[in-house]
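Trainee: I would like to go through this structure by asking about single residues before turning to the whole chain. Can we start now?

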Amino acid sequence: MDDADILAATAPRLARFLAVAHAEHVTRAARDAAVPQSTLSRSIARLEAELGVELFVRSGRTMRLSRAGRILLRYAERAAAEIVAGVQEIRGEADPVRGRVGFAFLAALGGVDVPRLLREFRAAHPHARCDLVQGAHAILMERLRAGDVDLALTSPAPDDVGVEIELLDEDPLYLVVPAGHRFADRTSVDLAEAADEPFIGFLPGYGLRAALDRHARRAGFRPRMVFEGGDGEIVRGLVSAGLGVALLPAAAHPTHDDIVEVPVPGAFRAIALVTAAGRTLSPPAAALRQIVRAHYRAG
C-alpha cells in the first residue's frame, strides 16, 4: 500500500478504532461513539481486512488490543492529538476576542502610518494576536497569496488575479536631491529634466522602484541606477552624500538637513489595501481592515 492507500484505509476508521481500543468493549464503544454496534463492528473488521492484521483479540464482546493493535494505537493517538490541536488553533485564530490577524505592509510605511494603526487596533482588541510582515511589495503579495497574512497595505495596487483591491490614497512623490543641486531651489521639476541624473533607489520588486520606472517611462527615459537597496533611509543618506537623486515620498521624520525634496507634478504612488478574493476574514482581521480604512478616510 502506498501512502494514499494507507490514508484511505485508516483515516475514516481511526476514531472508531480508538473508541474500541479505549473501551475494550464493543457495546460501550458504540455508545461512546454514538453509532450502532453493528456499524462499529463492521468498521473494525474492514480496517483489519484492509491492513491484513488482527487489531483485537476477541472474547465475547470484550476486545483487547493485539500486538499490532497496540502499535497502531500509539500512532492513532498521536494523529488524533495533532488533529485536535490543529482544529483548536484555527478556531482560536477566528476567535473574535483572542484571534489572530496577519498584517503585511511596506517598510516605507512603517515609520508613520502602521504604528498608529496598530496602537488603535490594540486599544480596541487587547487580546488579539497580530503577526506582522514587513518587506517589498512582491514579498507582501506572495505572503498574501500563500494565506500567511490576511491584509496587505502596499503600493502599487497589484494587478494579480484573485485579490480584492481598495485604493486608499495617492502619495505624492518628490525628486530628492542634495543641497546645492541644480534643482534644489526649484518649486517643482518635471521628471524628464532629470533624465541624465544618476538615480538611487529601491531594488526591483519594491513598490517605489515600480513607481520610479513607471514615471520615468512616461517621461521618456530609463533611469540610470547607480545604487539600489531596500531601505529608504539609506537611499536618503546616499543622496545626502551627493551620489545621485531619488524619487521618494516625503520623509515622515526628516533626518537629513542637507537634502531637498522637490515636487514632481503628476508623480505619485497609489496606496492600496489588498485582501485575497473570496477569503472570509477573521473578526480581528475585519476589525483591523476597518481601522485602516478609517485612518485613510480621515486623511
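Trainee: Which residues is V274 in contact with, leaving aside its neighbours within four places in sequence?
Mentor: This is a predicted model, in which local features need pLDDT of at least 70, side-chain atom pairs count only at pLDDT 80 or more, and totals for chains, interfaces and linings use all residues. Residues are numbered from 1 along each chain as its sequence is written, and side-chain values use heavy atoms, with hydrogens and water left out. V274 lies in strand 10, where strands are DSSP runs of E of at least two residues, helices are runs of H or I of at least four, and both are numbered from the N terminus. With contact taken as heavy atoms within 4.5 Å, the partners of V274 are M141, L144, D150, L151, A152, T154, P158, V163 and E164.

Trainee: Is V274 buried or exposed?
Mentor: Buried means under 20% relative accessible area, exposed over 50%, and partly exposed in between, with a 1.4 Å probe and protein chains only. The relative accessibility of V274 is 0%, so V274 counts as buried.

Trainee: How far apart in space are V274 and A45, C-alpha to C-alpha?
Mentor: Along the sequence, 229 residues separate V274 and A45. In space, C-alpha to C-alpha, the distance between V274 and A45 is 52 Å.

Trainee: Which residue does a cis peptide bond join to S155?
Mentor: The omega of this bond is about 0 degrees.

Trainee: Which residues have the most contacts inside the largest nonpolar core?
Mentor: A nonpolar core is a set of buried Ala, Val, Leu, Ile, Met, Phe, Trp, Tyr and Cys residues joined through side-chain atoms within 4.5 Å. The largest one here has 32 residues, and those with the most contacts inside it are F103, L153 and V292.

Trainee: Which element gives the most to this core?
Mentor: The elements that give two or more residues to it include strand 3 (100–106), helix 6 (113–124), strand 5 (151–154) and strand 10 (259–276). The element that gives the most, with six residues, is helix 10.

Trainee: How many residues has the other core that lies apart from it?
Mentor: Among the members of this other core are L173, V189, L248 and A267. Its residues number 27.

Trainee: Why is helix 2 said to be largely enclosed by the rest of the structure?
Mentor: Helix 2 covers residues 14–23. Its buried residues are L14, F17, L18, A19, V20, A21 and A23. Helix 2 is largely enclosed because the buried residues are seven of its 10.

Trainee: Which residues is F56 in contact with, beyond its neighbours within four places in sequence?
Mentor: F56 is in strand 1 (residues 56–59) and counts as buried, at 1% relative accessibility. F56 and A21 are 35 residues apart in sequence and 8.2 Å apart in space, C-alpha to C-alpha. The contacts of F56 are F17, V20, A21, I44, E48, M63, R64, L65 and S66.

Trainee: What is the radius of gyration of the chain?
Mentor: The chain has 10 helices and 10 strands. The radius is taken over C-alpha atoms, and the globule rule is 2.2 Å times the number of residues to the power 0.38. For 299 residues the rule gives 19 Å, and the chain is well over that, so it is more spread out than a compact globule, with a radius of gyration of 30 Å.
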